[in-house]
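Q: Could you walk me through this model? I'll ask as I go.
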Amino acid sequence: RRLGFPLPCGPKAPSRSLMRPCKQERLSAASLALARFSRRATRFGGVGWLRLRLQLCIGDILLLVALNPEAPVWYLSEALSSRLATEGILAGEVHLSLGGLRLMPGDTPCGLGLADGDTLQAAITKGAGLRRRSSFA
């Protein structure tokens, strides 16, 4: 008996683009994506951290810093003072200000309403003598 239509040749082989990757390929792709995310998060201060610009009064230097929004700005001024001391500039204290208003040590970025990309100004007191560290010290 003859059928009135042609029968298909057989099942088609699935194309590679339509195939789902195997479990091992998916796991390796996920681990690479996680590694990229963690590198980026570490470089920019972590998830949920606030990225600020910090303008130093010394030669108009602009630093990019990341700070926990709940941390007092005292931590940032202490870290900056320590970094300037290790780079050879001795400073008494670092005072932070925002738009000409001096920030108190207990102020937090969240309490001040700061957002990503805001700029803080840093002034260094000359109490300890702003000078270069000698090579003998």
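Q: Which residue follows α2, and what is its phi?
A: Gly88 follows α2, and its phi is positive, near 105°. This is a predicted model, where local features need pLDDT of at least 70 and side-chain atom pairs count only at pLDDT 80 or more, while totals for chains, interfaces and linings use all residues. Residues are numbered from 1 along each chain as its sequence is written, and side-chain values use heavy atoms, with hydrogens and water left out.

Q: How many residues does α2 have, and what is its reach?
A: Helix α2 (residues 73–86) has 14 residues and reaches 20 Å from first C-alpha to last, close to the 20 Å expected at 1.5 Å a residue, the expected span being 1.5 Å times one less than the number of residues. Helices here are DSSP runs of H or I with at least four residues, strands are runs of E with at least two, and both are numbered from the N terminus.

Q: Which of its residues are buried?
A: Val73, Leu76, Ser77, Leu80, Ser81 and Leu84 are the buried residues of α2, where buried means under 20% relative accessible area with a 1.4 Å probe, protein chains only. They line one face of the helix, because seen down the axis of α2 they fall within an arc of 130°, taken from the directions from the helix axis to the C-beta atoms.

Q: Switching to Ala122, what is it in contact with?
A: Leaving aside neighbours within four places in sequence, Ala122 is in contact with Leu54, Gln55, Leu56, Cys57, Leu80, Val94, His95 and Leu96, contact meaning heavy atoms within 4.5 Å.

Q: And Ile124, buried or exposed?
A: Ile124, found in strand β6 (residues 119–124), is buried, with a relative accessible area of 9%.

Terms used. Buried < 20%, exposed > 50% of the residue type's maximum accessible area, 1.4 Å probe, protein only.
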